[in-house]
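These notebook entries record what I looked up in the structure. They are grouped by topic.

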Amino acid sequence: MTRFFFRHFDRTAIGFVATLLLIAIVVPFFNLAVPESSVFHIPTYLVSLWGKYLAYALLALALDLVWGYCGILSLGHGAFFALGGYAMGMYLMRQIGARGVYADPVLPDFMVFLNWKELPVTWYFFDHFGYALLMIVLVPSAIAFIFGWFAFRSRVTGVYLSIITQSLTYALLLAFFRNDMGFGGNNGLTDFKDILGFPVQAANTRAALFALTALFLALGFLLARAIVASRFGQVLASIRDAESRTRFLGYRVEHYKVMVFVVSAAMAGIAGALYVPQVGIINPSEFSPSNSIEAVIWVAVGGRGTLIGAAIGAVLVNFAKTWLTGTFPELWLYGLGALFILVTLFLPKGIVGSLSARVQRIKGSGAA
Amino acid sequence: MLRRLTLILGLMMGLIHFDAPPAHADDAAIILKRLATDNYGEIESGVTALAASGLSVSEAVLNALADSRLSYRPSDKEIFFKDASGKWIDAATNVVANEQPSGLKPVKMNNRVRRALDAALGSMTLLSPDPQKRMAAADAVFKSRDANTLSALDNVIAKESDAVVKQHFEEARAAVLILKSDASEADRVGAAEKLGQRGDQDALALLNSVTEANATANIVAAASLSAKGISRRLALLSAAQNAWYGLSLGSVLLLAAIGLAITFGVMGIINMAHGEMVMLGAYTTFVVQEIIRTKAPGLFDWSLPIAIPLAFCVSALVGLLIERIIIRYLYGRPLETLLATWGVSLILQQAVRSAFGANNREVGAPSYMSGVWDLNGFQITYGRLWIILFGLAVFVALLGVMKGTSLGLKMRAVIQNRRMAAAMGIRTPLVDALTFALGSGVAGIAGVALSQIDNVSPNLGQSYIIDSFLVVVFGGVGNLWGTLLGALSLGLANKFLEPIAGAVLGKIILLAVIILFIQRRPRGLFALKGRAVEQ
Amino acid sequence: MKRLISSMAATALVAGSLVASIAAKAEDTIKIGILHSLSGTMAISETTLKDTMLYLIDEQNKKGGVLGKKLEAVVVDPASNWPLFAEKARELITKDKVVATFGCWTSVSRKSVLPVFEELNSILFYPVQYEGEESSKNIFYTGAAPNQQAIPAVDYLMENEKVQRWVLAGTDYVYPRTTNKILEAYLKAKGVKAEDIMINYTPFGHSDWQTIVADIKKFGSAGKKTAVVSTINGDANVPFYKELGNQGIKATDIPVVAFSVGEEELAGLDTKPLVGHLAAWNYFESVDTPENKDFIAKWQAYTKNPKRTTNDPMEAHVIGFNMWVKAVEKAGSTDPSKVIDAMIGVSVPNLTGGLSTMMPNHHITKPVLIGEIKADGQFNTVWQTPGTVVANEWSPYLEGSKDLIADWRAPLSCGNFNVKTGKCGGKS
């Protein structure tokens, strides 16, 4: 097992994972242990903010796995992210119990004022954390499996595939917006109190969630790295580069695609589940097609097919967004739009991709 | 109650209008003063009293009130109205004022006053020389069903020469009779048949209210027979109506998607900024209308024909710029183009937001696009009719371009086999640029049409982009007939699902069906065949 | 090498954020946060509120500011993205150190920032009409609760237009759902039969109204006077009204009363076919009082646009801001806890010639105005409550809330006190 994970563990991977583990320790330390008056104190809101960035980075990683390494441009990965988020949200809603505004021990607030008499079947067992964990992984995977099975078997590729992934997330958006679905409708699920007994708002919990997200990002990276460095990964790369040829060589291309799609969906679901307690709300607009397209941009900016690039791209673009919406609230969309255009025109390999290409050239020319 | 009183008195007065002695000038002043107030109840009763008074000036005053030309002076409660030439006339004395009297306040209206006014004016026009007004009066009676109007109706029916108007009078009479408890059975059965002939929703409602409680068995039987006939007819109508709605929705989808189909077909790229091209067309219409409103208000009906070529040019130009500056360098990389055009769409949205503000902008409908054509219950709204015709015209024009022009020939060649076309001497980069401009221009024209039925705001494009993609994917890329068929079938399917499953669920089902459909036919309805056709 | 790059990038990121976050210098101004969407679907409604706040702060600064210090506006764009609302709220309070925030429009945005304001103990002024069923210690609701808008509108239709059949048409989200529940219970309590009530929900941005308007027409031709109570939101209103006009439904036949259509929305519509349709608000631009005329004149001068409209949520911000200023002066400090305590009972003039008071339930008293649309896009007030109405934030017509009241004065200090059980339920 360890060999599987560390076989192709090169310096890049070591560096990345080490940095993540370092951040997972350092940031909570500077938030909790250092007093507020000190200049080194990291305010709690930043901890949650960066935790959010890291959750996005995990989503970007999942997307890079299918896109950068297998050529499946999924414009609907936000759906899996949101599904995992909803599963976590449902668990958190059940945890509120009788502390809701209407003081109903079983029904969440939104069900009370929409006149639901009892808990719908979809909500059973969500008061157990284990069940919630299972659902976080299972639901996105199941939907990815069904969708992928139909799509890849019929050999839908390229632009067509992208459009139907967009339709998938759009259909889910419409479905979750409906108030009679029982998932909170347009308001979504919010007003969480605690997770596993720890109050969601407390600084300790936030720091812990941050550390967990960094940890899962590292784990996700390792898993992805292991996949792409293995024989399985090589087949994926050949599917990306020359699908028909791979098929003619005897590989069952559909099976490979479905498998990687399901794994990626599960990762995205976990990212969503980590995102929700840090942000405090899950809402159907997470399903919106523009969220999924933005995720693709993160990967493109960072560098598709580099894994690290995806993660860095996600953090960078979201940081830019946070900064721009605060500093230039009227103009930030120009900035974001320009970023997309410039990156696709001048940095087709993304930031990390271009940098490493340049490094390779220097190395190559130096060696020669 | 008050309304019926108006109708009775009005009808009676309307009939003996020309024989009545003119009311005393003092009476006129007293009645008119009742309109000089802010209290809606008093205005309403003043209207009915005026209608009933038989005063010669009442029609002019009531018409003025309907057109918001009636004012009063709070100090002495004198009523004034503005006539067609713009001069102010004192209603009580009929004296023309040299200049606008000071301190005037308009006599305000609310829905109750308006209804009383409609009833009053309607009743006064039962004998109007204008057949349209007579018909309107007949419909007013149909709605109010006052039994006291019966003799008046019999009178006008005997004198009426216009067949259509006579039909309306007879229907109104039938409406009065059907529920009249002291009318003869034969009369009421005849009324039931007449209402069956009228055959619309109002008649159905009336017939359904005939029960054992207020009629004999024969009458009830006649009424229910007629009601059944009407229900059948209405069901058929409803299906036809749904088909019409589906067609009009389909034509909207067609307009929005056809430009995308062309660019997608020729260049194989997804243009995420397509929706913004539509939006630019809509805003062009807004600007044209603004200019016309301020400089040449008489040309308002021409605003759309003027806007169409302008919108085409604006969107085509922007499309050309995008192609030259960005897309050209991304040749052969469709997925990168998707991302880059997404960025362009964000910039365009923000640019429009900064220039025009984030709010909806008002785009008015020209006179030929407002109103409804009622074909015996089948409602055809003019706006939608024009949009369907327009969509078909655009389609035919594009077909002409594709099949008949040299650009079209080159485009088709590039769609089928780009490399071969280049080898034959076709300048593919130029074809690309012109195609993109054409597709964007068509989107701009679509925006002109869409401005009539939807909001004009920076977000306009976003609401159509997903539907456009679905149409293109469903219908097959690069194929105009596919787009037409795809758009129409999606529109029809959507509209037929809506009454059954509701708007949201209908949309979801449709999406699921398309996803499944793509499994069956991954290249859409009209897939291009051939070895060299790459994705 | 790659490792170096990635490590550098990560460190740079951390450092950069640190620097950016330490940037808050101590200045001698009082900071006010403005949390309204300037892009995305809600920009249409919220941009004008941002401008209103800038205007109000400017006016106050001309009068010398508050407690001797000038006010400074901190504007952020949460981009109609609900998680971004929470993030920006947190940023405004902890990084920019605002002492009060004016913002939000949709209930989702308010619900997503509510935990933030409660956790960090700051103040939010929420100016939009909403569904009620909430009362937070840290939020002051200057918009209407259902009994300050929906119920008087229904009363007007029942008494003045003698409506007997009702279509409750709304967009599918919480505000219409809750309002329609309340209205349905209210109508039934007034003796309206279930078959005379038709309820219909459409998705956001629904643009093809042909079928639904035809259904409304059918429902309304059964012989009884019918009216439509519309909680249709935002963008969908434009195609809805256009279709009404196209299918020839006049206000004298089937009047439509809307709760989310104001002067701003009418500016984007051709209002001639809509004359006579109604809206229920607590303020109209056409109200003829000296305060309103003065406000409109100054506002149009400030925005340099003689055609700029005003609407109800703007008035709510005017009232909220003036109340905040008065409470700060009363408390002698901008500290949120002190201001919250001082706010209850504060009374300021509204723009319709009366007074607005902040009640212990953190809602304000408002008059209810019913207006008919005029051809020029303004409203003609056809009815008005004689005085102001106190908000019922917990609707007496809903099962879960009929026993609840909110009272933030000591000793209760509770937003959802159950009068039957005598306990303060919910908040831990």
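**Backbone exceptions in chain C**

I located C:Pro411 in the loop between E15 and E16 of chain C; strands (E, at least two residues) and helices (H or I, at least four) are DSSP runs numbered from the N terminus. The entries concern a predicted model, in which local features need pLDDT of at least 70, side-chain atom pairs count only at pLDDT 80 or more, and totals for chains, interfaces and linings use all residues. Residues are numbered from 1 along each chain as its sequence is written, chains are lettered from A and ligands numbered from 1 in the order in which they are written, and side-chain values use heavy atoms, with hydrogens and water left out.

C:Ala410 and C:Pro411 are joined by a cis peptide bond, with omega at about 0°. Most peptide bonds are trans, and most residues other than glycine have a negative phi.

I also noted positive phi values. C:Lys304 has a phi near 55° and is not a glycine. I place C:Lys304 in the loop between helix H10 (290–302) and helix H11 (312–331) of chain C. Its relative accessibility is 74%, so C:Lys304 counts as exposed; the scale is buried under 20% relative accessible area, exposed over 50%, partly exposed in between (1.4 Å probe, protein chains only).

For C:His362 I recorded a positive phi of about 70°, again in a residue that is not a glycine. C:His362 sits in the loop between strand E12 (355–357) and strand E13 (369–373) of chain C. Is C:His362 buried or exposed? C:His362 counts as buried, at 0% relative accessibility.

**Salt bridges within chains**

Side chains of opposite charge can pair when their charged atoms come close. I applied the rule of a side-chain nitrogen of Lys or Arg within 4 Å of a carboxyl oxygen of Asp or Glu. Over all chains, the rule gives 41 salt bridges.

In chain C, C:Arg409 pairs with C:Asp407, with the closest N and O atoms 2.9 Å apart. C:Arg409 is partly exposed at 44% relative accessible area, whereas C:Asp407 is buried at 13%. I next noted a network in chain A, where salt bridges that share partners join A:Glu243, A:Arg247, A:Arg252, A:Glu254 and A:Lys257.

C:Asp403 and C:Lys420 form another salt bridge, the closest N and O atoms being 3.3 Å apart. C:Asp403 is in the loop between strand E14 (379–384) and strand E15 (404–407), and C:Lys420 is in the loop between strand E16 (414–418) and strand E17 (423–424), so the pair ties together parts of chain C that are 17 residues apart in sequence. C:Lys420 counts as exposed, at 65% relative accessibility.

A:Lys193 is buried at 13% relative accessible area, and A:Asp191 counts as buried at 17%.

**Interfaces of chain A**

I took contact to mean heavy atoms within 4.5 Å, and buried area to be the accessible area (1.4 Å probe) that two parts lose on being put together, summed over both.

- With chain C: 55 residues of chain A are in contact with 55 residues of chain C. The two chains bury about 5,000 Å² between them, 64% of it on carbon and sulfur atoms. The rule finds two salt bridges across this interface. I also recorded the salt bridge between A:Arg206 and C:Glu119 (3.2 Å, N to O).
- With chain B: the contact takes 40 residues from each of chain A and chain B. The buried area is about 3,700 Å², with 78% from carbon and sulfur atoms. A:Tyr160, A:Leu333 and A:Tyr334 supply 19% of the area that chain A buries here, more than any other three residues. One salt bridge crosses this interface by the rule. A:Arg304 and B:Glu336 form a salt bridge, with the closest N and O atoms 3.9 Å apart.

**A helix of chain A**

How many residues of H13(A) are buried? I noted 14 of the 20 as buried, so H13(A) is largely enclosed by the rest of the structure.
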